[in-house]
Amino acid sequence: MSGPESTPRQGAVGLFGGTFDPVHFGHLRAAEEAREILRIDDFRLIPAGRPALRSAPVATAEQRLEMLRLAVAGCPDLRVDDREVRRSGASYMVDTLSDIRRDSGAAPLLLLIGQDAANMLDGWHRWRQLFELAHIVVMRRPEAHFDCRGELREQVERRRTTDPAALRNAPAGCVLPLEITQLDISSTSIRELLAQGRSVRFLLPDRVTDYIREQGLYRAS
Ligand code: ATP
């Protein structure tokens, strides 16, 4: 099936991409807060098939997709979009956004990224086009700030808004910094705990932990 089932044709679409190797409560809490604050009805978590800017994930794309599905099972507000996993080659966000834009008409698309990623946005494939395709919501801690230079800095300054409503009135083009709780959890630390045979309870959903154990993932090699 292409993308999430029964795609609404109107209203803002929230897009939260990541490697999710594995998904954890840091991701899920950030997604939930952004969904609620921005009043996004169609909120999608998008696992990268083959991330372009980092080393290869440990779990396969299918396993990362399945973990996400298990994590949001029973949460109708959060859906999983599998288009990057189904596409071959490196996963570029600009291709994903172009694809979603074709399906969504003039709906506002809101791409959610962390402050660290936002500071390095000019390293992304065809990065200038991202602003034409979507709004960019920068999820940050209260003390985190933009630390970028050159043309990216100019673009961010020109497009920056503090009003979430501005994002609902145009299909793309704004940059909104948004304070979001960042739980001190990372996929790296979960993989390390599992490799040491230690508990990961309360860091990620139990259903995901059960799946990790069934699949024998993240064990010390
Ligand atoms: P890794 O440790 O393998 O680098 P990660 O835990 O950082 O992984 P990613 O899949 O790389 O997770 O992150 C996807 C998105 O989730 C990114 O936009 C990132 O900023 C955000 N994110 C990651 N961890 C958290 C967290 N604890 N709280 C809020 N957002 C997070």
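Mentor: Helices (H or I, at least four residues) and strands (E, at least two) are DSSP runs, numbered from the N terminus. This is a predicted model, in which local features need pLDDT of at least 70, side-chain atom pairs count only at pLDDT 80 or more, and totals for chains, interfaces and linings use all residues. Residues are numbered from 1 along each chain as its sequence is written, and side-chain values use heavy atoms, with hydrogens and water left out.

Trainee: Where does L110 lie?

Mentor: L110 is part of strand β4, which covers residues 109–114.

Trainee: Is L110 buried or exposed?

Mentor: L110 is buried, at a relative accessible area of 3%. Buried means under 20% relative accessible area, exposed over 50%, and partly exposed in between, with a 1.4 Å probe and protein chains only.

Trainee: Which residues does L110 touch?

Mentor: Leaving aside residues up to four places away in sequence, L110 touches A12, V13, G14, L15, L38, I40, H135, V137 and L167. Contact means heavy atoms within 4.5 Å.

Trainee: And how many helices and strands are in the protein chain?

Mentor: The protein chain has 10 helices and six strands. Its radius of gyration is 17 Å, close to the 17 Å from the globule rule for 221 residues, so the chain is as compact as a globular protein of that length. That radius is taken over C-alpha atoms, and the rule is 2.2 Å times the number of residues to the power 0.38.

Trainee: What percentage of the protein chain counts as buried?

Mentor: Of its 221 residues, 52% count as buried.
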